[in-house]
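Subject: Handover of a structure model

Dear colleague,

Please find below the structure that I am handing over to you. My findings follow directly after it.

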Amino acid sequence: ERIGPLLDKEIPQSVPGVQTLLGVGRQSLLRDAKDCKSTLWNGSAFAALHRGRPPELPANYVKPPNVVNITSARQLTGCSRFSHIFPSSAYQHIKMHKRILGHLSSVYCVAFDRSGRRIFTGSDDCLVKIWATDDGRLLATLRGHSAEISDMAVNYENTLIAAGSCDKVVRVWCLRTCAPVAVLQGHSASITSIQFCPSTKGTTRYLTSTGADGTICFWQWHVKTMKFRDRPVKFTERSRPGVQISCSSFSSGGMFITTGSTDHVIRIYYLGSETPEKIAELESHTDKVVAVQFCNNGDSLRFVSGSRDGTARIWQYQQQEWKSIVLDMATKMTGNNVPSGEDKVTKLKVTMVAWDRYDTTVITAVNNFLLKVWNSITGQLLHTLSGHDDEVFVLEAHPFDQRIILSAGHDGNIFIWDLDRGTKIRNYFNMIEGQGHGAVFDCKFSPDGNHFACTDSHGHLLLFGFGCSKYYEKIPDQMFFHTDYRPLIRDANNYVLDEQTQQAPHLMPPPFLVDVDGNPHPTKFQRLVPGRENCKDEQLIPQLGYVANGDGEVVEQVIGQQTNDQDESILDGIIRELQREQDLRLINEGDVPHFPVNRSYSANGALRSPNMDIYSSPNIGLRRSGQIEGVRQMHNNAPRSQMATERDLMAWSRRVVVNELNSGVSRVQEECRTAKGDIEISLYTVEKKKKPSYTTQRTDYQPSCGRSLRRTQRKRQHTYQTRSNIEHNSQASCQNSGVQEDSDSSSEEDETIGTSDASVEDPVIEWQSESSSSDSSSEYSDWTADAGINLQPPKRQTRQATRKICSSSEEENLKSLEERQKKPKQTRKKKGGLLSMAGEPNEEWFAPQWILDTIPRRSPFVPQMGDELIYFRQGHEAYVRAVRKSKIYSLNLQKQPWNKMDLREQEFVKIVGIKYEVGPPTLCCLKLAFLDPISGKMTGESFSIKYHDMPDVIDFLVLHQFYNEAKERNWQIGDRFRSIIDDAWWFGTVESQQPFQPEYPDSSFQCYSVHWDNNEREKMSPWDMEPIPEGTAFPDEVGAGVPVSQEELTALLYKPQEGEWGAHSRDEECERVIQGINHLLSLDFASPFAVPVDLSAYPLYCTVVAYPTDLNTIRRRLENRFYRRISALMWEVRYIEHNARTFNEPDSPIVKAAKIVTDVLLRFIGDQSCTDILDTYNKIKAEELNRLSILFCIIGIPVYIPNNNAQGFLFLHIFMNTYSCLLDDSHFKDFIYLFDRQRSQVGREAGRERGESRLPAEQRARCRAQSQDPGILT
């Protein structure tokens, strides 16, 4: 055990993990390097064939075979192995040819064209640049974007390049001329990825883009004309607000594309039918999906996904479903020492995934800086590659050598790895003189594998390859065009023109090459600019400018350089001196230059440009702080060529920047892609016809399967999607936004934009959509504002529904949306049914005891409005696991809060919403708002949970007060403690303290290991442990319990904070409200609410009402000091009316009586100066009667208001039944409000004096006309 790991490190075993004293060779404990060397082969051994193939070298062959032997063997046999001809050690000869500074900000994107002759870089300085691979020349700059470049793609025909940006726009340029082809505007947020589809269906091609708005767009274009359709086929995939599609990948044949999202869902789209359609959603990951990659070959439908949940999954379509193999990043190699960095982080996350060229292995990068190589068929871990010192976000497989992969990361290291041996071949470190290392953000191999290019955080392009670097020595280290950062003007379609010349950037004459400070390079470097290769030295002096001639054409004339009030730049001085020398020489020769007529001179005699006050675009980020970036100011001292003729400008406009592929090569590649696409369709069709395997129930340890949308989408009449079907589905998605859980996404044309954005969601609708409760419960979601310590009670829902901000298509369907929301949802039912044989409800429908209890207890935790809590994610996860294991009810893992947002192990939260769902089991649904730990105020963010009390599941919500008390105790090893279990004290000793789970190191949840006096051991949380006071009575028998006294229980309960019961103490308020309830119960209309509902008389009550309550229950809870604050009491009082409305008809007498009870009691509780609830009742009654008299005046009926209370209510009852045809309850307040604005003082006083009043006829007519105006009523 001690010698083995040391030997494994120096001389690895043939069979890792085997420890034996009987081994020989590489298995021997006495092995040394000499014993493990393989015998060198002679020339004839390489010429031997085994089953028609050259022999494979032993794994421990000392060094690569001699190239002479390999070549001779190949001449004899006609074949040889590629690994023999080109051993992996040959990649040690790759060297860095050049590091070029070409951008002023980080460069996150690099790509080769399909020929490998051109390199493209996309940077945060908003520019895309084109470079020559062979010599590193800067060939062109593509301008137009106004924000950072996020992704780039070159089409397979090598005619177009597309770039996506954080400005929400996709721009497409022609590679041949650099002319803009299309500006695609279909996203409402940053572009996250962009891909050209490999499929070839006639002349139709697709470009796809994904965005941070949760959408994927399929842009159709014509391969011959390169014309793009204005409107894409768009899918909005926003299952919840804030969801982003972060990555995408096409299959090699282009028939499938997969996307990964921040909502943990992988979505797959099929392009084999008329239009793209979504065919599957895979929900196996439990955290954000950060990387997806289809395999390189079309012989199987496989892709790999990587997630921040610490796993990667290899997916394959089989038997109508996508099955996956889980690659757990916590897996370690057996038999060898743990590589350095294996345990650096507690929560492992996948940062990047890749396949080797032949798809035999999958490579994953982990946030502990390691790379792991897996068998793609079995999921076995083959190698762990260590060497990086920071996170790796670049994995690039060699284009044809399956052994080689390249990795790069934020540590500035670039590694070339041998996947067969699991060893490092070559390492490069991106050290920048005077600035430390530069993080490497992207790397790409050229198609021929002879070069690779990298980009870094400092704006550099790094060129690597075989061979000598002499061609790269002829270029400067810094290359910018003087026009790179010129201001642009945009037209209505977002196409751009250079502001200074009013020309399209691709039509401007050849620019000058300058360094980062704006200094022009010498003339030998100016000839590197395309279009200036054959110019004379005089033509390379940057001193001419553009002016318009009489014909409206832009030509070049000799003008001076513009100046400004600030100090003269180096470029200004050089240009001015060259100008003076050139003018003197021309005058001596008798050739006077012709200046334009409309020139203007500055004070020192130099020409001053009329548009001098032009500033650079504010979007361009700084390259390095503290440096003067002269190239940014080039539009203030813009160098211009001198001798450019019209013919030169015409030749420049016809230049070819990137050549198209050879027609033969292009045709072969297209046929290959077409064949791969046909194979993919065939595989998909065959597997779709196979019988699905549902014989075994899926567990967490078996390969998981994603649900296929072809089988589960309910409203689709056919499995393919035509254009009309897409439009229909988009309208349906507008209607279902925020309501229907199963249909989380919409497919649409651009005419109908998705509506699932957070900014247009009604918070009440969002809350409803997260549960399956009845609508009555959902309507009474109790939102509260942050009103300091004392929360406001939940308000009764208004009659008018909150209008959602939506598009025109949504407004047309708003009515159907509201109607659908009013329909009651199906509650969870079991096979037993609602009623037993005797006609009584089954006990499983009864509200649980932990909800009905009137005595306050520390456990189980009963939530109340306004509670400030510590939420423990570990405990919640344990509850979810217990529910799933016991199959108590259906639970959606994707709706758990840790799958929707980044939750820490413990969060400081406040209960701002409570509702209950009917069972079985009865669930408590809470809306928890985050609190700032310093100020205690809400941060504005929240999440929702649902749970119920389960045996053997520990509370994961702990009152903040209890948490702070437990934290101050600071238990130490050996301390004695006691704890309440089943109303008795049990005693124990603290043994140790360590995190309950290693991935949550800072959590206090069950962090103590304790030893009970009965010799049992258990994990405990500090708030469940109490100190043992002096004089405590211990049990007579060791290990037994001691009953808890009432005084001890009271001492452990919550202690109200100042202001939580208003100006009075809790005891004073409780006694006052108790007296009020006693007086209220003396009135007849309150008698139905005095005691709980008789379930024998109303057996279905418990199947509709989840949280029963009554006045007697509230009174008992007040006596026991159950409520922790006054807002919790008011919340429960409101549930009296809520339950009545839920079970009865809205206009029934019992509901109206419940409203009176609730209103009277709430006003009494709110007025802390009131001691007689009957006075409150009389005031409310008088207000209602007064309003009725006013109402009768409006409709012209003479009335007499009696003074007697009984007569008054009798009159009220008679009126509501007699004049219901004139006035229903839904418009009662509207009429009162109308009259309050229109009534006259005379009529009001007359009504009070006589008890009988009639408004003037014309005023009554006006009131009636206004009452019929729907605008007033709404």
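I begin with helix α22, which comprises the 18 residues 1149-1166 of this predicted model. Several residues of α22 are buried, including Val1151, Val1157, Val1160, Leu1161 and Phe1164. Ala1153, Ala1154, Thr1158, Leu1162 and Ile1165 are buried as well.

The largest nonpolar core has 83 residues, of which Tyr871, Tyr879, Leu928, Tyr947, Leu957 and Leu1080 touch the most other members. Leaving aside residues up to four places away in sequence, leucine 1080 is in contact with Val1157, Val1160 and Leu1161, and also with Phe1085, Ala1086, Leu1111 and Ile1173. Another core lies apart from this one; it has 19 residues, among them Val128, Val154, Trp173 and Val658. As a general point, nonpolar side chains in soluble globular proteins tend to be buried together.

For the chain as a whole, the totals are as follows. The protein chain contains 28 helices and 52 strands. Of its 1274 residues, 52% are buried. Among contacts between residues at least 6 apart in sequence, 60% join residues at least 24 apart.

Next, the sheets. An open sheet of five strands runs in the order β46-β45-β44-β43-β47, and its pairing is antiparallel. Its edges are formed by β46 (938-947) and β47 (957-959), each of which pairs on one side only. On average, neighbouring strands of this sheet are turned by 40° against each other, direction ignored. Between strand β45 (residues 923-931) and β46 there are seven bridges in the antiparallel sense. Within this pair, alanine 929 is placed opposite serine 942 of β46.

Helix α16 (residues 873-886) touches β43 (868-872), β45 and β46, and its direction makes about 65° with that of β43. Helix α17 (residues 960-969) touches β43, β44 (906-917) and β47, and its direction makes about 80° with that of β47.

A second open sheet has four strands in the order β22-β23-β24-β25, again with antiparallel pairing. Here the edge strands are β22 (350-355) and β25 (381-385), each pairing on one side only. Neighbouring strands in this sheet are turned by 20° against each other on average, direction ignored. Five bridges join β22 to strand β23 (residues 361-366) in the antiparallel sense. Methionine 352 has alanine 365 in β23 as its bridge partner.

Strand β20 (residues 311-318) deserves a separate paragraph. How many of its eight residues are buried? The count is six, so that the strand is mostly covered. On one hand, β20 pairs with strand β19 (residues 302-307) in the antiparallel sense over five bridges, and valine 304 stands opposite isoleucine 314 of β20. The hairpin of β19 and β20 has three residues between the strands, and glycine 310 takes a positive phi near 90° in it. On the other hand, β20 pairs with strand β21 (residues 321-328), also in the antiparallel sense, over eight bridges. Tryptophan 315 has serine 324 in β21 as its bridge partner. The hairpin of β20 and β21 has two residues between the strands, and glutamine 319 in the turn shows a positive phi of about 50°.

The disulfide count comes to zero. Cysteine 197 has a relative accessibility of 5% and therefore counts as buried. Cysteine 295 is likewise buried, with a relative accessible area of 3%. Glutamate 499 is located in the loop between β37 (496-498) and β38 (513-514). Because its relative accessibility is 26%, glutamate 499 counts as partly exposed. Glutamate 499 and isoleucine 489 are 10 residues apart in sequence, and their C-alpha atoms lie 5.6 Å apart in space.

With kind regards

Key:
Residues are numbered from 1 along each chain as its sequence is written. This is a predicted model: local features need pLDDT of at least 70, side-chain atom pairs count only at pLDDT 80 or more; totals for chains, interfaces and linings use all residues. Side-chain values use heavy atoms; hydrogens and water are left out. The expected span of a helix is 1.5 Å times one less than its number of residues. Buried means under 20% relative accessible area, exposed over 50%, partly exposed in between (1.4 Å probe, protein chains only). Two strands pair if DSSP finds at least two bridges between them. Axes are lines fitted to C-alpha atoms, for helices over the stretch in contact, and angles run from 0 to 180 degrees between N-to-C directions. Contact means heavy atoms within 4.5 Å. A disulfide is a pair of cysteine sulfur atoms within 2.5 Å. A nonpolar core is a set of buried Ala, Val, Leu, Ile, Met, Phe, Trp, Tyr and Cys residues joined through side-chain atoms within 4.5 Å.
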